[in-house]
Amino acid sequence: MSNTTNNTTENKNLELENGEVMNEEIRETTEAAVDELYVPDDYFSEEAPAAEEETAAVAEEAAAPLEPLIQKKPDKKKKKDEDDDMSYHKPIIKRRKPNRSIAGDIFLYIFLILVAMLMFFPIVYAVESALKPLDELYKFPPKIFAQNPTLDNFSDLFVTLSKSWVSFGRYLFNTVFITFAGTAGHLFLASMAAFVLAKYEFPGGKTFFKIVTVAMMFTGYVTGIPNYIIMSKLGMIDTYWSIIIPAFASPMGLFLMKQFMEGLPTSLIEAAKIDGATEWCVFSKIVMPNVKPAWLTLIIFSVQALWNNRASTLIYSEEMKTLPYAMQQIQAGGIARTGEAAAVLVVLMVVPIAIFIFSESQILETMASSGLKD
Amino acid sequence: MSQFLNDYIKVKKHNFRVGVKKARISKNCYLFLAPYAIIFTMFFVMPVVISIFFSFTYYNILEAPRFIGVQNYISLFLEDDIFLISIKNTFMIAILTGPLGYIGSFLFAWLINELPRWVRSVAVVIFYAPSIAGNCYVIFSVFFRGDSYGPVNAFLMNWGFIDTPILFFTNPAWMLPICMIVILWMSLGAGFLSFVAGLQGVDKSQYEAGYMDGIKNRWQELWYITLPNMKPMLMFGAVMSITQAFGVCDVTMALCGYPSTDYAARTIVTHLFDYGFSRFEMGYACSIATILFLIMILCNKAIQSFLSRVGT
């Protein structure tokens, strides 16, 4: 491959001088090179294509009886010629994987498109109802798409929020602060723990990790009551810390980070050690820069959890409550606030989805190592 | 016998000494682990221990806890009818939505695996978005609204299927099915992402070897090659879907109200919430939490032993 690219670049330089003629040459050389490349680039050796040809022949013969017999002979010859050509210019059908029928694929694609539409519909509907003016929200029969979309609901929402006793800015600050502090601390502490769990063997390490995987199953509500008791004993009720500090130790982040770090070559760490690096140095200068995709994954899971945190049980001062809490109060405002409630949904939904879209490839890279070995 | 015991103790002692020595060598490891481990123990392990402890007491926060043995469990199963309803509801939701969501996650991850790259990333966003869309599920309360302005009722009335609107969230017959639909809609979560990523990582040469060995269709390919390769991800997905299936309460509380009509949408977690945060009977609530822990761990074990047989 590198050969051809070299050729083309060289030819390109010549092209500037000779124009049309060189252009022709380039095409020829590249085509030849591509053909050469394609021949060994087959999925399998002789057997499978032969089988496919056979099925094709059978299919043709099944269609053939309708045609007069005389035409059959030249037809076959023609087909043979085509076959000879095919070894060079492969038709699309041969590049397909075996075990895949066109009918099956088309059926699956239609099925997928239908399901995707069903899945996405509620989200579209939420956005549409946020754009509808109030009279359209209560129209019979209701329409799915807004007839004359407005942004009134959003501006109403901000008017309501700015008129509230605690200013909108404060709610926003609370949420952003909790999200930011919780995520930063979580990223730091979880990667430190994940580093030693993944790369060193020491007594208790494996057991600890097993406990972490079990703890992934427990939702916040289940541990809510004892958590409240612990918080009150520590005197952390009604402070930001009651939300932030438990978020540091969320098991999901440690789990993903540890699995991802196991993929790093151990020789990298050993080399650094031989060069005299301390453990801290290895962690901060070698391991952390190499697991950047996992950072993003941890960040998105943590942000998702904290951004939607209502903090309604552990924080009771109004000026420390979070944005989702304030938004839900508006949502609970009854029929007059239906439009604003829809706007709230959109505002709360946009942030996590946007973060996910921007970091999708890194997240998927991390999740590839998320498997649980027993 | 005594000889055997002596040897056993000797080996144990030796192992312990080796462990201590190893621990001393890897002091730094403990230093690295310590900050996370302390917080984790405090807020994730201690709560479990504490709730097991309080489940044997009567505790209402104001008075000191009073030890009452297994009285809480006895009254849970023999006297508390609502708890039995909540167990029934939780199991119905878990049994229907858990496996369906799990299989669905895998199925869609598998189906979109062969799409071209950019189509795949769009598809991942579309399928994954519902589970991260904040409290977007509230939109279903508009969708299934009990008056004739709700789209579903309006549609049914317009076409003459019904003449009075169905009260979807106040009629016990409709509450659970609709909640299940909503939960299924949200069930393509972290497990789904793990499957998508894992399928990309399956070694392609194994498929080629499979074709040579006579694998005929995509189902055989799935069963003999893909699934065994995906086992670790399947395990992870199982943990995720158990969490989701048994932890249901946000959706039912937001849609059907709290408390719901006839307790028809009450789940274990809602019941726990009721006793813990409304009635402040902490001991009782802790016994509910303990039962939930047990159910989850047993379920996890069952699924693990089931998954170890996949692809054989």
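Helix α18 of chain A (residues 338–358) packs against helix α5 of chain B (residues 117–132) at an angle of about 145°, and their axes are 9 Å apart. Axes here are lines fitted to C-alpha atoms, for helices over the stretch in contact, with angles running from 0 to 180 degrees between N-to-C directions; helices are DSSP runs (H or I, at least four residues) numbered from the N terminus. The contact is made by A:Pro352, A:Ile353, A:Phe356 and A:Ile357 of α18(A) together with B:Val125, B:Tyr128, B:Ala129 and B:Ile132 of α5(B), where contact requires C-beta atoms, placed from the backbone, to lie within 7 Å. By class, this contact of α18(A) with α5(B) has eight nonpolar, no polar and no charged residues; Ala, Val, Leu, Ile, Met, Phe, Trp, Tyr, Cys and Pro count as nonpolar, Asp, Glu, Lys and Arg as charged, and the others, Gly among them, as polar.

## Basis of the model

This is a predicted model, in which local features need pLDDT of at least 70 and side-chain atom pairs count only at pLDDT 80 or more, whereas totals for chains, interfaces and linings use all residues. Residues are numbered from 1 along each chain as its sequence is written, while chains are lettered from A and ligands numbered from 1 in the order in which they are written.

## The interface as a whole

The contact between the chains takes 74 residues from chain A and 86 residues from chain B. On the side of chain B that touches chain A, helix α2 (residues 27–54) gives the most, with 17 residues, and by class that side has 62 nonpolar, 19 polar and five charged residues.

## The nonpolar core

The largest nonpolar core has 159 residues, of which A:Ala193, A:Leu345, B:Tyr36, B:Cys179 and B:Val182 touch the most other members. Such a core is a set of buried Ala, Val, Leu, Ile, Met, Phe, Trp, Tyr and Cys residues joined through C-beta atoms within 7 Å. Helix α9 of chain A (residues 168–199) supplies the largest share of this core, 12 residues. Leaving aside neighbours within four places in sequence, B:Tyr36 is in contact with A:Leu189, A:Ala190, A:Met192, A:Ala193, A:Ala249 and A:Leu254.

## An exposed residue in chain B

B:Ser308 is found in the segment after α15 (282–307) of chain B, and B:Ser308 counts as exposed because it has 12 C-beta neighbours inside 10 Å. The thresholds are 20 or more other C-beta atoms within 10 Å for buried, 12 or fewer for exposed, and partly exposed in between, with C-beta atoms placed from the backbone.

How values were computed. Helices (H or I, at least four residues) and strands (E, at least two) are DSSP runs, numbered from the N terminus. Two residues are in contact if their C-beta atoms, placed from the backbone, lie within 7 Å.
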